[in-house]
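Trainee: I am new to this structure and would like to learn how its features get their names. Could you walk me through it?
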Number of protein chains: 2
Amino acid sequence: MTLSLDQFNLVYNSLSLAVAAMGAAFVYFLLARQSVHEKYRLAVTISALVVLVAFYHYMRIFDSWNHAFVYDPATMSYTSGVPGTLPFNEGYRYVDWLITVPLLLTELVLVLKLSKDVTKSLLTRLIIAAIAMIVLGYPGEVSPVTEKLFEFGPRGIWGILSTIPFLYILYVLFTELTKSLDRQPEAVKNRVFWLRIIVLATWGFYPIAYIVPMVISDPATAEVIRQVGYSLADILAKPAFGIVVVGIAMIKSEEEKAAA
Amino acid sequence: MTLSLDQFNLVYNSLSLAVAAMGAAFVYFLLARQSVHEKYRLAVTISALVVLVAFYHYMRIFDSWNHAFVYDPATMSYTSGVPGTLPFNEGYRYVDWLITVPLLLTELVLVLKLSKDVTKSLLTRLIIAAIAMIVLGYPGEVSPVTEKLFEFGPRGIWGILSTIPFLYILYVLFTELTKSLDRQPEAVKNRVFWLRIIVLATWGFYPIAYIVPMVISDPATAEVIRQVGYSLADILAKPAFGIVVVGIAMIKSEEEKAAA
């Protein structure tokens, strides 16, 4: 695959943006956790761990991207799959999600401080569904892109299997979780609304990125859209999501203080 | 040895998963130790040290794995043992275990806060047995795989010698430790049950990985099973084990608070 200098750099700079965003978010969450009531500290700690793990993976993805291409100054373009390059490792993203997606769902549930039974039941089901979603997506992701959309080769079939737990997660977040929100203050409800919008908007991008190589015939364009899209979605899904979680933890900490 | 791209990447991504898991666990244990009563802090500190040591070793193992193979873009495969490669250093794992296995047993005993005499007696015997287990396993691990199972060459004989202290450790954990648990609350007993299951399930994998090259004739498949298996076993045996230890420390800290 050959990318123009601009195409290569768009991905390169998006990956670097993600490294910077994850690293800065890690330090912010570490500091913010000291300002929240100890009841809500674990949720903020988990936000910090999520962006730390993502920081590590974006460092690796960035290196892998650079080793996957050779630059030709004559044509000002980058080429992969030729001697002197290594294959780009898409696996990092799946390893990252395997750790971070269950943790993101955990921080969302923990910061609400629902009853112990509800927390346990929500977490068990959400974590199992999250792991199923990612494990089922991976074989499809690494299958060669030989099929178009709706041809139902391995890429399509694994994709559909992986979508089932994804829909289940959305169902739990948008119906069951809503029932548990009755006793939360208005400001918290409002923020939970935004957390769910982030989940819908950013997680919703992942299936699109997965489908992109099946609908866009130019592999270079498809790859650029995928990599830039994944990176921006991750920045929303992890640091931005965590910032809203910290906001909820702050509001609820004020309440604790007022009640004490 | 030649590995397909998928085989190589499965090991590569498992090693990277272990790096990320150990690093995130280190930060979590450092933060969690602030939240437990000082009586239980040493056990959580040791959990942090275990995953820090393992983080370092997985960085090294990851690098060693990458330097042990050369990629050929034409056949999309990785080959070891050819000019330009270095031998893969299996020794890192043994050095890691030499430090981390005695520490894991120490954190398990310390978090229970048994009487001083019982603690001392358990620790002395468990640590000596752990060191014997690892030191006796290493010469067998580095012996060339020329024998099949039950042929009793050097690999088999060292393996058997190493199994004796392993069985002794299980004996101590499943009988003597049980006697000391009488006065522990139900929630703690329940967690100690899980700690022992983790020890049995994960440490039980190491002899299997040791035997794999003697029973699976395809060296590439055997190597992939070994490396992925070791990595997953280490993630359970160190971060997951440590999370249960933190759970015990939290429960016992609550008790201290209630009693005060």
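Mentor: Gladly! Keep in mind that this is a predicted model. Let us begin with the second largest pocket, which holds about 1100 Å³ of space.

Trainee: Which residues are the closest to the centre of the second largest pocket?

Mentor: They are Met1(A), Phe88(A), Glu223(A), Leu5(B) and Met76(B), out of 32 lining residues. Helix H4 (116-142) and helix H8 (219-259) of chain A, together with helix H1 (5-32) of chain B, each give two or more residues to the lining.

Trainee: What makes a residue count as part of the lining?

Mentor: A lining residue has an atom within 4 Å of a point of the pocket. The residues of this lining divide into 18 nonpolar, 8 polar and 6 charged.

Trainee: Now the sheet in chain B: in what order do its strands lie?

Mentor: The order is S1-S3-S2, in an open sheet of 3 strands with antiparallel pairing.

Trainee: Why do strand S1 (2-4) and strand S2 (69-72) of chain B stand at the edges?

Mentor: Each has a single partner strand, so one side of each is left without a neighbour in the sheet. On average, neighbouring strands are turned by 25 degrees against each other, direction ignored.

Trainee: How do you know that S2(B) and strand S3 (residues 77-80) of chain B pair?

Mentor: Pairing needs at least two bridges, and these strands have 4 bridges in the antiparallel sense, so they count as paired. In S3(B), Thr79(B) stands opposite Val70(B).

Trainee: What packs on the sheet?

Mentor: H1(B) does, touching S1, S2 and S3 of chain B. The direction of H1(B) makes about 90 degrees with that of S1(B).

Key. Residues numbered from 1 in each chain as written. Chains lettered and ligands numbered in written order. Predicted model: local features only at pLDDT ≥ 70, side-chain atom pairs only at ≥ 80, totals over all residues. Heavy atoms only, no water. 1 Å grid on protein atoms, 1.4 Å probe; cavity = no way out; pocket = protein on both sides within 12 Å on 5 of 7 lines; lining within 4 Å. Points joined across faces, edges and corners; volume = space filled by probe spheres on them. Nonpolar A, V, L, I, M, F, W, Y, C, P; charged D, E, K, R; others polar. Axes fitted to C-alpha atoms, helices over the stretch in contact; angles between N-to-C directions. Contact = heavy atoms within 4.5 Å.
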